[in-house]
Amino acid sequence: MKKGRFGIFGGQYVSELLMPVLIELEEAFDRICPTEDFQRRFRGLLRDYGGRPTPLYYAQNLSGLVGFRVYLKREDLLCGGSHKLNNSLGQALLASRMNKKRIITETAAGQHGVSAAMAGNIVGLETEIFMGVKDMERQESNVKRMRLLGGRVTPVTTGYGLLKDAVSDTLREWTTSSRTTHYLMGSAVGPHPFPMIVATFQSVIGEEIKAQVLEKDGGLPDAIVACGSGGSNAVGAFRPFIEEKDVRLYFIEGGGESLDADNCAAAFALGRPGVLHGAVMQILQDEHGQIKPSRTRASGLNYPGRGPEISHLCQTGRVKAGYAFDRDVFEAVRVMCRTEGLIPALETAHAIAYVLKNKEDFDRDDVVVINYSGRGDKDLDLIFRHSEDKQ
Amino acid sequence: MISYSDTLKISSKFDELKKRGEGAYMAHVYYGDPNEEFSIRLIRTLAENGADLIEFGIPFSDPTADGPAFQAACERSLRGGMTPKRCIEGLERLRREGLKAPVVVTTYYNIPYSMGLERFMAEIKEAGAQAVIVPDLSFEEADELVRAGGKQGLDVIFQIAPTTEGARLNRIIDAASGFLYVINVEGVTGTKKELQRSTLELIRGVRSRTGIPLMAGFGVSKKEHVVDLVSSGADGVVTGSAIAEIYSRKLDGPEDALPEIARFAREIKAGCVEGFARRSLNR
């Protein structure tokens, strides 16, 4: 068995220029991460700076609407407004212990970029964030936040100016600077050891869910629903439950406008295994193996690949892959606002939309946890534009 | 099927050049940029003006090891409707029309992965290729492609970089076949004004460890780069982006750039010869 494999997925498909730094990173992670010193600092920051544990909220009104018990794992309350800080703090601490001088990363919705800039400041490393020009338009408020935090935002104009292109440009930049620079990979994608590192730092979500449901409901949940593309919030929420075969796991990707290959980001519905950005993943691609641009209104789900671990879990049937169309996502935002007074991120609203549209997947006495991965302040313009378009 | 004699073998080519006292020049193009007819004429021009080997690029949508010039080349080629199948047909045509230089097919791993490794290697072999370079295939993941290449008698060319050190470097050297591609710089493909001193040290260091032919690529665009590289122990050089930069200034009529490209190729080749001569003097 090769390193970093999840079934057929994963691996290390990178330029020779990057292999040495990947080997260095894996060695450093294995050596530094388990130490008491690292864990004390990491857990301390998650608690005192990030605000962990995040609450598990029983959504009474939403439960009444759907007819089964729904809990929200409130990652929107993590400092920065999404789950991304868990991973950013972990990797930034690791980078500083590896004596790297600088952090580079990429972002789409901007949530990861914001958390990387925050974490970079905590450990005293300068942070450069590559962001597709189209995403910079769509997520302008997060661009401002990154810049205010001191992050250098570099516009990516290559390709389609989206996340896929930003990842490519960050990899290119890393080949020029890997001796001094850490690539703070934002999702559970990329070459080994990134998917393993990101999942390890994000699995705090699932560990907390397990303890909190047990305390509030007296048992394990019947289902956990999470949105994703690379899959970091989903893998983080699912990991402690993968061996708990009675817990159903749902991974919801961007359905875009329709299940038409050019209007969609549903790689499990329309893609097949392929190699992109360093790993074998489930990927949207044409018949010749050229990568297709994905399409969804949610920038954070707009990536044509699925991380190796979530690809494997869906391929083997342990996780059920679903999708939500843009129109249902905007409706889910409205429902969430009116029932619980919460404005979800468009990405997060995919998980909610799936539950609202697929009530038959759940029984009346089911306990369902939705990983409420982020808040929607960044999406206000998009949400208002959508409701104006409809009128 | 056309049968290709041993004269096309990569090792034979290096032996022949050594006997003649020349470094090898490999010219890298992305096929189909901006259209097929131009690529055919471009490759012919390069081969007639000094290119000893052709690095025949099948474009990929996300060429992460390539800089701006080759990213644009891939984009233009794909926008024109280029597919891996048509590239392979193009190679076949070049052979049919008399191209004698060994051909190293280069593309990103998803292209053979998507077609099936065995089928891909069989098809490029049938079309007339001698070797393959996959810049996003690490040594650690290369077993399957090497196996598929072995069945066809195709070399899988490994790359080493300034960051490759110690035991890994030795493992890659030991497993290399055809030649070793030395990535000159920490970065992506693209022309550079100056050659770094560390690049020449890298060449000398690898040279002292192995007798396998070394081809130095990335950032090479001038005769003086070539002289320095070859005289330091490289068996040859690769240019790519520099060629694309010449014709991409004349995309409305890229054929107009062929005379300039011919001059460029002759100069690079002259550098290969001069560098080799200096190497003998140095000894």
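This is a predicted model: local features need pLDDT of at least 70, side-chain atom pairs count only at pLDDT 80 or more; totals for chains, interfaces and linings use all residues.
Colleague: What does chain B span along its principal axes?
Modeller: The C-alpha trace of chain B spans about 50 × 40 × 35 Å.

Colleague: And how many helices and strands are in chain B?
Modeller: Chain B has twelve helices and nine strands. Of its 283 residues, 59% are buried.

Colleague: What share of the contacts in chain B is between residues 24 or more positions apart?
Modeller: Counting contacts with a separation of 6 or more, that share is 75%.

Colleague: Changing topic. How many residues of chain B are in contact with chain A?
Modeller: 32 residues of chain B are in contact with 25 residues of chain A.

Colleague: Which elements of chain B give two or more residues to that side?
Modeller: They are helix 3 (68–79), helix 5 (110–115) and strand 6 (158–160) of chain B. Helix 5 of chain B gives the largest share, five residues.

Colleague: What about the classes of residue there?
Modeller: The side of chain B that touches chain A has 15 nonpolar, eleven polar and six charged residues.

Colleague: Over to chain A. Why is helix 9 of chain A said to be largely enclosed?
Modeller: Because seven of its nine residues, 194–202, are buried. Among them are A:Phe194, A:Ile197, A:Val198 and A:Phe201.

Colleague: What do the buried residues of helix 9 of chain A pack against?
Modeller: Several elements of chain A, including strand 2 (9–10), helix 1 (19–32) and helix 4 (84–97). Helix 10 (204–217) of chain A is also one of them.

Terms used: Residues are numbered from 1 along each chain as its sequence is written. Chains are lettered from A and ligands numbered from 1 in the order in which they are written. Helices (H or I, at least four residues) and strands (E, at least two) are DSSP runs, numbered from the N terminus. A residue is buried if 20 or more other C-beta atoms lie within 10 Å of its own, exposed if 12 or fewer, and partly exposed in between; C-beta atoms are placed from the backbone. Two residues are in contact if their C-beta atoms, placed from the backbone, lie within 7 Å. Ala, Val, Leu, Ile, Met, Phe, Trp, Tyr, Cys and Pro count as nonpolar, Asp, Glu, Lys and Arg as charged, and the others, Gly among them, as polar.
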